[in-house]
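Please open the model in your viewer and keep the selection tool at hand.

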Amino acid sequence: MASFTEFLNDSSIHDDPGANVALPWAGYITLSLLMAMFSITAVILNATVIVVTLRHKQLRQPLNFALVNLAVADLGITLTGSVPSVVTNAVGYYITGRVGCVLEGFCVALFGITALCTVALIAVERLFVVCKPLGTITFQTKHAAGGLAFSWLWSLIWNTPPLFGWGSYQLEGVGTSCGPDWQSRDLKNVSYIICYFSLCFAVPFVIIVVSYSWLLYTLRQVAKVGGCAAARAESKVAWMVVMMVLAFLVSWLPYAALALMVVFNPDVQLPVLVKVVPIYMAKSSTVYNPLIYIFMNKQFQKFAVLLLMCGRDPWPSEDDASDVQTVVSPLNNKISPD
């Protein structure tokens with residue numbers, strides 16, 4: 001197994017402007033502008049979530065810990081991956097050398113997998129609160145803290161091996177960003193990528209699908225005996241669930257599919273755009289996540305909108321009843337306001 005020093009001294013990444021030319025100049029500028037737009041939006045949205053949580057004590061509840069953790073992870077992806085991509089695409093080549101590539105690849109992967117695990121954690125938390133699979137056991141601070149610790153630990157476990165020879169971090173796409181090397185034919189690298197995507201993508205996805213399927217089934221059962229109010233509640237939750245799953249798939253499935261396609265079919269020839277688009281779609285999740293998971297959450301929405309609008313409420317006449325949250329308990333077969 002290679003030492004960490006040998007790994008950093010690998011000369012496979014150069015600062016030569018012509019070494020990785022894959023797009024015309026206009027193509028790189030377009031990518032740079034798109035990443036600048038995504039970066040600015042992601043920083044504003046995710047920073048807003050963190051700020052309003054720190055400012056308002058009523059938001060610092062166990063069920064909101066995962067939402068804030070997601071914002072922290074997404075902000076990390078933006079600052080260590082998206083922002084550098086703005087610069088590297090603007091100049092048309094990777095400018096920070098081998099050490100920069102390793103650091104970017106590790107940090108983006110660490111924050112990215114933590115975000116994925118947190119999305120799965122949110123699904124599990126909602127399942128436990130709404131469906132109560134463990135009966136009377138309530139969701140507490142220790143459960144929330146344990147889930148967050150596990151998401152960071154799981155990500156760290158699976159993103160550290162490339163630093164010591166099992167897998168590696170290399171240039172990807174058009175050579176202006178770095179990530180796990182899914183193009184190498186080396187047996188150690190292939191085995192790492194298969195384990196990586198199986199345990200860090202497939203497992204969270206299965207957890208999300210199972211949790212939300214169970215949640216929707218419970219809501220449907222309650223709606224059958226709960227009348228119009230229950231039906232409306234089911235409709236709102238169903239819409240949010242659909243958005244959550246679609247956002248997960250749109251953000252990460254193309255990237256995972258591309259990586260596994262290259263791993264299992266090394267000789268496949270793909271157009272440049274096919275290699276580039278999935279990478280930036282995955283990074284765009286830093287914008288989707290706060291919009292769906294947080295700004296569709298009435299608690300956060302109320303304070304976040306006020307902060308973004310400098311204290312002005314754009315919907316002052318809205319009925320306060322619309323802010324009522326719904327909690328479903330299969331134990332008593334009713335829907336009750338929280």
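Begin by selecting helix 3 and helix 8: helix 3 passes helix 8 in a left-handed crossing. A crossing is called left-handed if the near helix is turned anticlockwise from the far one by less than a right angle, and right-handed if clockwise. Helices (H or I, at least four residues) and strands (E, at least two) are DSSP runs, numbered from the N terminus.

The model is a predicted one, in which local features need pLDDT of at least 70 and side-chain atom pairs count only at pLDDT 80 or more, while totals for chains, interfaces and linings use all residues. Residues are numbered from 1 along each chain as its sequence is written, and side-chain values use heavy atoms, with hydrogens and water left out.

**Stop 1: helix 3 with helix 8**

Helix 8 covers residues 285-294, and its axis lies 9 Å from that of helix 3, at an angle of about 165°. Axes are lines fitted to C-alpha atoms, for helices over the stretch in contact, and angles run from 0 to 180 degrees between N-to-C directions. Helix 3 and helix 8 are therefore roughly antiparallel; angles under 35 degrees count as roughly parallel, over 145 as roughly antiparallel, 65 to 115 as roughly perpendicular and the rest as oblique.

To display the contact (heavy atoms within 4.5 Å), select Leu67, Leu70, Asp74, Ile77 and Thr78 on helix 3, together with Ser285, Thr286, Asn289, Pro290, Tyr293 and Ile294 on helix 8. Colouring this contact by class gives six nonpolar, four polar and one charged residues. Here Ala, Val, Leu, Ile, Met, Phe, Trp, Tyr, Cys and Pro count as nonpolar, Asp, Glu, Lys and Arg as charged, and the others, Gly among them, as polar.

**Stop 2**

**Stop 3: helix 2 with helix 9**

On helix 2, show Ile44, Thr48, Val49, Val51, Val52, Thr53 and Arg55, which meet Phe300, Phe303, Ala304, Leu307 and Leu308 in helix 9. By class, this contact has nine nonpolar, two polar and one charged residues.

**Stop 4: the cavities**

On a 1 Å grid over the protein atoms alone, a cavity is a set of points where a 1.4 Å probe fits but cannot get out, and a pocket is an open set with protein on both sides within 12 Å along at least five of seven lines; lining residues have an atom within 4 Å of a point. Grid points are joined across faces, edges and corners, and a volume is the space filled by probe spheres set on the points.

How many cavities of 30 Å³ or more are there? The count comes to two. The largest cavity holds about 290 Å³ of space. For its centre, select Val108, Ala109, Pro180, Trp252 and Tyr255, which lie nearest among the 22 lining residues. Helix 4 (97-131), strand 2 (177-180), helix 6 (187-264) and helix 7 (272-283) each give two or more residues to this lining, and helix 6 gives the most, with seven. The lining of the largest cavity has 16 nonpolar, four polar and two charged residues.

Next, the second largest cavity has a volume of about 80 Å³. Val119, Phe248, Trp252, Ser285 and Asn289 are the closest to its centre of the 13 residues that line it. Its lining divides into nine nonpolar, four polar and no charged residues.

**Stop 5: the second largest pocket**

Finally, select Ala120, Leu121, Val124, Gly147 and Phe150, which lie nearest the centre of the second largest pocket, out of 20 lining residues. The volume of this pocket is about 420 Å³. Helix 4 gives the most to the lining, with seven residues.
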